[in-house]
Structures are given as structure tokens and as C-alpha cells.
Amino acid sequence: MSTPTLLILPGDGIGPEVMAEVRKVIDWFGTQGMAFEVSEDLVGGAAYDAHGTPLTDATMAKAQEVDAVLLGAVGGPKYDALDFSVKPERGLLRLRKEMDLYANLRPAQCFDALADFSSLKKDVVAGLDIMIVRELTSGVYFGEPRGIIKEGNERVGINTQRYTEGEIDRVARSAFELAMRRNRKLCSMEKANVMESGVLWREVVTEVGKDYPEVELSHMYADAGAMQLTRWPKQFDVIVTDNLFGDLLSDLAAMLTGSLGMLPSASLGAPMANGRPKALYEPVHGSAPDIAGQGKANPIACILSFAMALRYSFDNGDAATKLEQAVEAVLADGLRTADLMGPEGGTPVSTTEMGDAIVAKLGA
Ligand code: IPM
Ligand code: MG
């Protein structure tokens, strides 16, 4: 089989720093007979600075060809005043849309070593391991009409929530498949009490559920879901929800675990000719421009995103588990980047020291 290909898009802010640590991990796997053909390119503000667009057509074309894309983060205050159409975030949204990455997997997992770090009580979060499946290519993020129009003498801001049955069906199937590989429990969240798109969502998810009789399916209004996530998150295993609710609920779930700097994500589309899904992996955290370039960033979310790539794109769950265990081991040793420095202390390490320690744990 040919060498698997990876496109690395470090992006803005802390993106390049954390991605540099992922490169070390990729190189380590290379020494173990698991080589990747890696290319690197620009996205977000970095691409705008170089080319006047947050994603060039050439980079888009490359992303369509590789086996997996790894992205750091995009955005920063420097680009706040830019026109909406060329904002750094548009680069990321274009990748998601044109690669048709409709299923966004966002795990929220509480590492034992960090259970004290959550803003919630330890027994509420210890051992937490849930997965949010967020629909990523439709809904109010992309629905038409949209824009700011003039109506009489005032302006009106418009966005449209729109879901086809097909769009709901395919993301529901991804979530059920995942539930089958986990604890066979799926909760679907929408606002069927106020939104027609929510009514359809509930109907289609229920229909798809008939193909997965082993999975215990429940439904919740998304606001109640948010409340239940903070009250007793361990009642959930897999959650499936739309693009906007998924954006909110995944940040909420991430914070339950103590640090956004720990959480990876996978965005998956339909299988390509080689059987691998179209895929983009990125940390849940943003570009954190306030700490960029200071060696303070936590590279773990980005490294764990590569672990997800090993699992979901390269069908190598063993390698993924090995990498996840190396991360847990350095945390158990007390190594802490600035974001993980809680009252219980630990050994403060920089971005590069954390990356080096993880590679060292992987083995010589
Ligand atoms: C996310 C981010 C993005 C989103 C932004 C950067 C466009 O918040 O990945 O959750 O809203 O989807
Ligand atoms: Mg978000």
C-alpha cells in the first residue's frame, strides 16, 4: 500500500507551535515503520497575509487529495476588521463544506490526573468519557437566505436554519455507528418544541434508530441537554446534535473536563475511493492569540487529534491508544503546561517540553 498522505495546516496563533509538537510525534511513528508523506500549507490569517484569502484554491485541492488533513487553529484580533468573506474562519468553514465533513466527533474525556481541575465537583467529572457528534456542514451556519439587508429604515440580520432529511440521516448514522462501538447509548438534542427543523430532526433520528435496535436512543431539548450536561454529565455516552447546538454543547462539555487544551476532534465525511473517510482533525481549542509565541500553549489537544487520525483514517487503533497512553503517562508524572496549572501544582513545562516528554514516553 502506498504511504499515507497528510496535509498539515498549522494556521494562526498557537497553531504553528502546537503543530510543531505533532510533527515530532509523526516523526516518531515514522521511525517505527509507520511513515507518512507530510506536506504543509497555509490556512486562516496566515493564508490571508500571504495570498489575500484564508484558503487558496490550490490548498483546497490538496486537502481533497490527501488521506487526512491536520489543522492547528485559525483567527486572531489582527483579522477582526476584515470583511466577513475573507475572515480566517472562512478558510476552515470552506474546508469543512467542500470536503463535505458532515460528522464532527468531539470527545469530552476527563483525564484522571486532571479531575481536580474541573470547575465541577470531582465525583461529577472523574472518569467522564462522552462523545458529541455535531453536524458540521449544514444548519444555520450555511442556510440561505442569509445576510444583513435593509428593511425600511432599519437593517435586518438573517440566518436560516435548514436541514434536509438526508443531512440528518447521514449524521445520525455516524452517531449510531459510534454508539455501537461504545456503550450503545445515544441522546439526540434539538429544539423540537420551537423549531420545525428540530421536529424533522427528531423524526429522522428516530427512523434511523430502527436500524440500530441495540442502541438505547433518547431525545432531549438542547437547553435541557446543556443543563443535564453540567448536572450529571456521566448520564451521557454519545450525543448527536446540529451544527449550532453542537458548537455550544461541545464547548460546554470540553470545559467540564478541566481544560480546552486537552480535547481533539475529528471531522469525517463519506469514504473516498481507498475506503478512508474524507477527514480533517483539529483541536477543539482556538488560536489563543494572547499566549501565542510564548511557549505556553498546550500541544496535547493537537497531538490527540493526530491520535484520532490514526484511529479513524488509518485504522490503527493500537497506535492511537499507545499515543493516548503516552499523554496520560506524562500527565500522571505531573507535567503541566500553563493552562493545566491548578492549585494542586505540578511540574511546569513549556509547549516543546510537553511534546518532547510525550515522544519520550512513546519510547526510544
Ligand atoms: C469550532 C469553532 C468554529 C465554529 C469557528 C472557528 C468557525 O467555534 O470549531 O467550534 O463555530 O464551528
Ligand atoms: Mg466552537
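In the predicted model, six residue pairs are in polar contact across the interface of domain 1 and domain 2, with both members of each pair at pLDDT 80 or more. On the side of domain 1 that touches domain 2, the elements giving two or more residues are helix H4 (88-98), strand E4 (103-109) and helix H10 (300-312). Strand E4 gives the most to this side, with five residues. By class, the side of domain 1 that touches domain 2 comprises eleven nonpolar, five charged and two polar residues.

The domain assignment divides the protein chain into domain 1, made up of residues 1-107 and 263-364, and domain 2, made up of residues 129-256. A distance of 25 Å separates the C-alpha centres of domain 1 and domain 2. Contact between the two involves 18 residues of domain 1 and 20 residues of domain 2. The size of an interface is often expressed as the accessible area that is lost when the parts come together. For domain 1 and domain 2, the buried area is about 1,700 Å², and carbon and sulfur atoms give 60% of this area.

One salt bridge is found by the rule across the interface of domain 1 and domain 2. A salt bridge is formed by aspartate 100 and arginine 170, with a separation of 3.0 Å between the closest N and O atoms. Aspartate 100 follows helix H4 and has a positive phi, near 55°. Within helix H4 itself, the buried residues are Pro88, Gly91, Leu92, Leu93, Leu95 and Arg96. In an α-helix there are 3.6 residues a turn, so residues three or four places apart point the same way.

Serine 265 counts as buried because its relative accessibility is 1%, under the 20% limit. A polar atom of the serine 265 side chain lies 2.7 Å from the backbone oxygen of glutamate 282. Beyond residues up to four places away in sequence, serine 265 touches Asn104, Leu105 and Arg106, together with Leu280, Tyr281, Glu282 and Val284, as well as Ser305 and Met308.

Leucine 249 belongs to helix H9, residues 243-256. With a relative accessible area of 5%, leucine 249 is classed as buried because this value is under 20%. When residues up to four places away in sequence are not counted, the residues touched by leucine 249 are Ile132, Met189, Ala222, Ala226, Leu229 and Thr241. Valine 199 is 50 residues from leucine 249 along the chain, and the C-alpha atoms of the two are separated by 19 Å.

Valine 140 is placed in the loop between strand E5 (129-135) and strand E6 (143-151). With neighbours within four places in sequence left aside, valine 140 is in contact with Asn159, Thr160, Gln161 and Leu244. Between the C-alpha atoms of valine 140 and isoleucine 158, which are 18 residues apart along the chain, the separation is 9.8 Å.

Conventions: Residues are numbered from 1 along each chain as its sequence is written. Chains are lettered from A and ligands numbered from 1 in the order in which they are written. This is a predicted model: local features need pLDDT of at least 70, side-chain atom pairs count only at pLDDT 80 or more; totals for chains, interfaces and linings use all residues. Side-chain values use heavy atoms; hydrogens and water are left out. Domain bounds come from an automatic or database domain assignment. Contact means heavy atoms within 4.5 Å. Buried area is the accessible area (1.4 Å probe) that two parts lose on being put together, summed over both. A salt bridge is a side-chain nitrogen of Lys or Arg within 4 Å of a carboxyl oxygen of Asp or Glu. A polar contact is a pair of N or O atoms within 3.5 Å; within protein, one must be able to donate a hydrogen and the other to accept it, and residues adjacent in sequence count only if both atoms are side-chain atoms. Helices (H or I, at least four residues) and strands (E, at least two) are DSSP runs, numbered from the N terminus. Ala, Val, Leu, Ile, Met, Phe, Trp, Tyr, Cys and Pro count as nonpolar, Asp, Glu, Lys and Arg as charged, and the others, Gly among them, as polar. Buried means under 20% relative accessible area, exposed over 50%, partly exposed in between (1.4 Å probe, protein chains only).
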